[in-house]
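Subject: Structure for your review

Dear colleague,

Please find below the structure that I am handing over to you. My notes on what was found in it follow directly after.

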Amino acid sequence: MTGAWGWDLLIGLAVALLVAWLALIAMLAIVRPRGGLLREALRLLPDVLRLVRRLAADPDLPRGVRVRLVLLLAYLAFPIDVVPDFIPVLGYADDAIIVVAVLRSVVRRAGLQAVRRHWPGTDDGFTVLTRLAGLGKPPAVP
């Protein structure tokens with residue numbers, strides 16, 4: 001390409017990062033919540049953040065689950081997003097989509113009961129969360 005090994009490496013890395021970023025944006029556009037689901041997801045955000053913090057602090061959960069939750073909290077706290085907020089719909093939806101993916105992973109590994117046990121909001125909010133995240137049928141209130 002340029003003849004200089006360092007510049008070729010730098011250009012190759014930049015192109016690879018750009019292609020990976022574009023693929024991620026395409027994936028987010030495909031799996032984004034439709035209709036009023038995004039609005040409902042944003043309304044649950046404070047309760048979901050408290051849920052993630054409580055789950056991350058639970059020593060009864062497997063270490064891998066807690067690590068995923070801590071990484072999720074770090075991502076949410078970091079000011080730079082995968083998709084910048086100025087991009088319509090996807091700019092704000094990327095956080096919700098990533099939270100849903102991590103919650104699905106937590107439920108697969110720790111079970112829906114663990115999520116229910118730590119849910120800080122109302123029963124109706126938990127029902128909406130399970131529907132939005134595709135977590136299955138909500139368990140009965142303990």
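Helices are taken here as DSSP runs of H or I with at least four residues, numbered from the N terminus. The model is a predicted one.

By that assignment, helix H1 spans residues 5-31, and Leu 10 lies in it. With a relative accessibility of 48%, Leu 10 is classed as partly exposed, because that class lies between the cut-offs of under 20% for buried and over 50% for exposed. Leu 10 also contributes to a nonpolar surface patch of about 480 Å², together with Trp 7, Ile 11, Val 15 and Val 19.

Helix H5 covers residues 90-110 and includes Ser 105. Is Ser 105 buried or exposed? Its relative accessibility is 12%, so Ser 105 counts as buried. The side chain of Ser 105 makes a polar contact of 2.3 Å with the side chain of Arg 68.

Helix H7 runs over residues 123-133, and its buried residues are Gly 125, Phe 126, Val 128, Leu 129, Thr 130, Leu 132 and Ala 133. After H7 comes Gly 134, which has a positive phi near 65°.

Finally, a remark on aromatic pairs. Two aromatic rings are described by the distance between their centres and the angle between their planes. With ring centres required to lie within 6.5 Å, the count is 1 aromatic pair.

Yours sincerely

Key:
Residues numbered from 1 in each chain as written. Predicted model: local features only at pLDDT ≥ 70, side-chain atom pairs only at ≥ 80, totals over all residues. Heavy atoms only, no water. Phe/Tyr/Trp six-rings, centres within 6.5 Å; stacked < 30°, edge-to-face > 60°. Patch = residues over 30% accessible without salt bridge, like charges linked within 9 Å, V, L, I, M, F, W, Y side chains within 5 Å. Areas by Shrake-Rupley, 256 points an atom, 1.4 Å probe, with all protein chains shown as cover. Salt bridge = Lys/Arg side-chain N within 4 Å of Asp/Glu carboxyl O. Helix = DSSP H or I, 4+ residues; strand = E, 2+ residues; numbered from the N terminus. Buried < 20%, exposed > 50% of the residue type's maximum accessible area, 1.4 Å probe, protein only. Polar contact = N/O pair within 3.5 Å; in protein donor to acceptor, adjacent residues only side chain to side chain.
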